[in-house]
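Visitor: Walk me through this one, please. Keep it brisk.

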Amino acid sequence: MNAKKFDVGIMLYSTDFSYRDSKDFAQVALGHVRRLKNLADEPIVVTIDSEDYSQEIGVKHVPLGITFTKYVKHLSFLSKSFTKINQLLKQNKGKSVVLIGRNLLAGSVVSLLGKKHSVPSVVYFHYDWAMWKKYEKQWVDFAVAKMAEKTCIKFADLIIATAPFLKDRLVKRGRKPEEIEVAPNHVNTSDFCKLDKKACRKRLNMPEGEKNLFFAGRLVFQKNIFTLITALSQVQGVKAYIAGTGEL
């Protein structure tokens, strides 16, 4: 699918912008929304929560208002988002529209609706959700994840993977390489200032010559910090500093 300017861009988020009161995640979400503004004249964001972070950057926010418990939330999200985006597509019939699913659950909705209405759909494949949920032994999540992945792989027009190994996995599951783009997660280095290394070591009481590894991110299962800790336990003279918030 060639890059172009669409009349309408509809982005579906199946994660709360508020993400368990994390202000940081709201900023990540807003970064994706800002890019949507560059893609479409009328950017629309559909989210689970009713809290509207999008007004400050001038996009239309459509809340689904889902407040049910965990597993019911999956089914409620699928039905409500399918109905709402189907309505938006009917309202914008005749215009050039692009649908974007910001993860696999959202992707399953937009890829199906894209085929139904003959509009292009883009799905982000951040990590193999079904694989992680299987290891967590949460069978409902695992079943939903498998369904979502299968739907996205079959119907999405373009899949954006965040790593080459994910692209390889998609190709093995039947997608053509030219239908997959690799766009690694990035860091905006302008948000960080260059600090004096000696001053930082002194502030954190780091001995001179000590080798350090720094992790910054959400403390959740799929970040796999366990492997980092296991690996470092077998290495002499290296200390890890971990910064972040999350369920772990």
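**Loops, sheet and side chains**

Guide: Asn 224 is found in the loop between β8 (211–216) and α8 (225–232). Helices (H or I, at least four residues) and strands (E, at least two) are DSSP runs, numbered from the N terminus. One caution: this is a predicted model, where local features need pLDDT of at least 70 and side-chain atom pairs count only at pLDDT 80 or more, while totals for chains, interfaces and linings use all residues. Residues are numbered from 1 along each chain as its sequence is written, and side-chain values use heavy atoms, with hydrogens and water left out.

Visitor: What is the phi of Asn 224?

Guide: Near 60 degrees, a positive value, and Asn 224 is not a glycine. Most residues other than glycine have a negative phi.

Visitor: How accessible is Asn 224?

Guide: Asn 224 is partly exposed, at 29% relative accessibility. Buried means under 20% relative accessible area, exposed over 50%, partly exposed in between (1.4 Å probe, protein chains only).

Visitor: And Ser 118, what about its phi?

Guide: Ser 118 has a positive phi too, about 60 degrees, and it is not a glycine. Ser 118 sits in the loop between α3 and β5. With a relative accessible area of 67%, Ser 118 is exposed.

Visitor: Zoom out. How many helices and strands are there?

Guide: The protein has 8 helices and 9 strands. Of its 248 residues, 42% are buried. Take the contacts (heavy atoms within 4.5 Å) between residues at least 6 apart in sequence: 57% of them join residues at least 24 apart.

Visitor: Now the sheet. What is the strand order?

Guide: β3-β2-β1-β4-β5-β6-β7, an open sheet of 7 strands with parallel pairing. Two strands pair if DSSP finds at least two bridges between them.

Visitor: Which strands stand at the edges?

Guide: β3 (60–63) and β7 (180–182). Each has a single partner strand, so one side of each lacks a neighbour in the sheet. From one strand to the next, the twist averages 20 degrees. Angles run from 0 to 180 degrees between N-to-C directions, and axes are lines fitted to C-alpha atoms, for helices over the stretch in contact.

Visitor: What packs on the sheet?

Guide: Helix α3 (residues 104–117) does, touching β1, β4 (97–101) and β5 (121–125). The direction of α3 makes about 160 degrees with that of β5. Helix α6 (residues 164–172) lies across β5, β6 (158–161) and β7. α6 runs at about 165 degrees to β7.

Visitor: How many bridges join β1 to β2?

Guide: 6 bridges join β1 (residues 6–12) to β2 (residues 40–47), and the two run parallel. Leu 12 stands opposite Val 46 of β2. Val 8 has Glu 42 in β2 as its bridge partner.

Visitor: What about the β2 to β3 side?

Guide: 4 bridges there, again with the strands parallel. Ile 44 is opposite Lys 60 in β3.

Visitor: Is β2 enclosed or open?

Guide: Largely enclosed by the rest of the structure, because 6 of its 8 residues are buried.

Visitor: Where does Ile 48 sit?

Guide: In the loop between β2 and β3. Ile 48 is buried, at 3% relative accessibility. The C-alpha atoms of Ile 48 and Ser 14 are separated by 6.0 Å, though the two residues are 34 apart along the chain.

Visitor: Switch to Asn 103. Buried or exposed?

Guide: Asn 103 counts as buried, at 17% relative accessibility. It lies in the loop between β4 and α3. The Asn 103 side chain reaches the backbone nitrogen of Ala 106 at 3.2 Å.

Visitor: What sits over the ring of Tyr 124?

Guide: The charged end of Arg 102, 3.7 Å from the ring centre. The test asks for NZ of Lys or CZ of Arg within 6 Å of the ring centre and within 35 degrees of the ring normal.

Visitor: How many aromatic pairs turn up?

Guide: 0, from a search of the whole structure. Rings of Phe, Tyr and Trp (its six-membered ring) pair if their centres lie within 6.5 Å; planes under 30 degrees apart count as stacked, over 60 as edge-to-face and the rest as tilted.

Visitor: Last one. What is Phe 155 in contact with?

Guide: Leaving aside neighbours within four places in sequence, Phe 155 is in contact with Ser 111, Leu 112, Lys 115, Ser 121 and Arg 175. Phe 155 belongs to helix α5 (residues 139–155). With a relative accessible area of 24%, Phe 155 is partly exposed.

Notes
Polar contact = N/O pair within 3.5 Å; in protein donor to acceptor, adjacent residues only side chain to side chain.
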